[in-house]
Amino acid sequence: MIEIIPAIDIIEGKCTRLSQGDYATQKNYGGDPAEWARAFAGCGIRRLHLVDLEGAKASTPQNLRTLEKIAGLGLLKLEWGGGIKDDDALASVWNAGADWAIIGSIAAKEPGRMQGWLQTYGSRIILGADIRNGKVAVSGWLEDSGIGLDSLIESFKGLEQAIVTDISRDGMLQGPAFDLYKGLQTRFPALKTIVSGGVSSMDDIRRADSMGLPGIIVGKAIYENRITLNDISLCLQKGSFPA
């Protein structure tokens with residue numbers, strides 16, 4: 001059964017969503033991220049996706065107090081991305097309570113550093129690959145690296161997980177790029193590829209589950225009430241995604 005991973009994107013300590021990575025489309029959904037985390041845990045979720053949008057833009061983590069607060073609940077496994085550009089930043093994320101670190105820009109810009117982190121931290125390092133027009137975007141999706149997704153994945157030894165986001169789908173509630181993930185499954189069968197971007201309904205989750213994909217990140221669809229916590233809770237209790 002596919003793992004549902006709710007997303008909390010953070011600006012100024014608040015739950016926020018963008019569309020297609022455009023900071024001008026910022027929408028604040030209110031509420032304390034820690035209370036959202038508590039609600040997700042209450043319906044059976046065990047893993048939470050946290051993105052420091054300010055950190056991604058500033059190239060250093062900006063919302064670690066929020067991470068500390070959520071980690072302090074002791075309810076969820078936490079993956080954190082945004083602004084992790086050097087050893088000190090990575091250490092600060094570990095110290096604040098993250099279980100996994102999502103590495104995006106550095107993977108494309110400094111693959112040697114990324115490889116070193118993989119050797120040191122192993123499965124705690126997740127590749128964050130954000131794709132625009134077939135190429136990897138970096139620096140909070142503000143720049144294009146010119147690197148293809150397959151080339152990026154192939155450059156790392158020991159990589160176990162990758163969160164792959166089609167930027168054109170992100171926040172648009174138009175469904176994930178299923179063909180993208182199907183292709184990745186075929187080319188990289190040993191890689192745990194997490195679906196990200198565009199999830200609009202439980203039907204999208206069912207389809208990803210039927211494809212055998214291991215995990216799916218859900219953000220805006222929850223905050224826009226297209227997927228309710230009750231929907232998630234019922235599915236997790238039954239261990240399936242009934243029509």
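Let's start where H3 meets H4: Leu64, Leu67, Glu68 and Ala71 in H3 are in contact with Ser92, Val93 and Ala96 in H4. Contact here means heavy atoms within 4.5 Å. Helices, by the way, are DSSP runs of H or I with at least four residues, and strands are E runs of at least two, numbered from the N terminus. Sorted by class, that H3 and H4 contact has five nonpolar, one polar and one charged residues. For the classes, Ala, Val, Leu, Ile, Met, Phe, Trp, Tyr, Cys and Pro count as nonpolar, Asp, Glu, Lys and Arg as charged, and the others, Gly among them, as polar.

Quick word on where this comes from: it's a predicted model, where local features need pLDDT of at least 70 and side-chain atom pairs count only at pLDDT 80 or more, while totals for chains, interfaces and linings use all residues. Residues are numbered from 1 along each chain as its sequence is written, and side-chain values use heavy atoms, with hydrogens and water left out.

Now, how do you describe two packed helices? You give the angle between their axes and the distance between the axes. The axes are lines fitted to C-alpha atoms, for helices over the stretch in contact, and the angles run from 0 to 180 degrees between N-to-C directions. For H3 and H4, the angle is about 30 degrees and the axes are 8 Å apart. That makes H3 roughly parallel to H4; the label goes to angles under 35 degrees, with over 145 being roughly antiparallel, 65 to 115 roughly perpendicular and the rest oblique.

Zoom in on Leu67, which sits in helix H3. Is Leu67 buried or exposed? Its relative accessibility is 0%, so Leu67 counts as buried. Buried means under 20% relative accessible area, exposed means over 50%, and partly exposed is in between, using a 1.4 Å probe and protein chains only. Leaving aside neighbours within four places in sequence, Leu67 is in contact with Leu50, Leu78, Trp80, Val93, Ala96, Gly97 and Ala98. Leu67 and Trp94 are 27 residues apart in sequence, and their C-alpha atoms are 10.0 Å apart in space.

H3 has another partner. Helix H1 (residues 33-42) packs on helix H3 (residues 64-73) at about 30 degrees, with the axes 9 Å apart. So H1 and H3 are roughly parallel to each other too. On the H1 side you've got Pro33, Ala34, Ala37 and Arg38, and on the H3 side Thr66, Lys69, Ile70 and Leu73. That contact of H1 with H3 has five nonpolar, one polar and two charged residues.

Helix H4 (residues 87-96) and helix H6 (residues 111-121) have axes that come within 12 Å and cross at roughly 35 degrees. This crossing of H4 past H6 is right-handed. Asp87, Leu90 and Trp94 in H4 meet Arg113, Trp117 and Tyr121 in H6, which divides into four nonpolar, no polar and two charged.

Next, the rings. Rings of Phe, Tyr and Trp (its six-membered ring) pair if their centres lie within 6.5 Å; planes under 30 degrees apart are stacked, over 60 edge-to-face and the rest tilted. By that rule there are three aromatic pairs. One of them is Trp36 with Tyr223, edge-to-face at 4.7 Å centre to centre and 85 degrees between the planes. Trp36 lies in helix H1 and Tyr223 in helix H10 (residues 220-223), so the pair ties together parts that are 187 residues apart in sequence. Trp36, Phe40 and Tyr223 are linked by ring pairs into a cluster, and Tyr223 counts as buried, at 10% relative accessibility.

Most residues other than glycine have a negative phi. Ser59 isn't a glycine, yet its phi is positive, near 65 degrees. Ser59 is in the loop between H2 and H3 and is partly exposed, with a relative accessible area of 37%. Asn225 also has a positive phi, about 65 degrees, without being a glycine. You'll find Asn225 in the loop between H10 and helix H11 (229-238), and at 58% relative accessibility Asn225 counts as exposed.

Key: Left-handed = near helix turned anticlockwise from the far one by under 90°.
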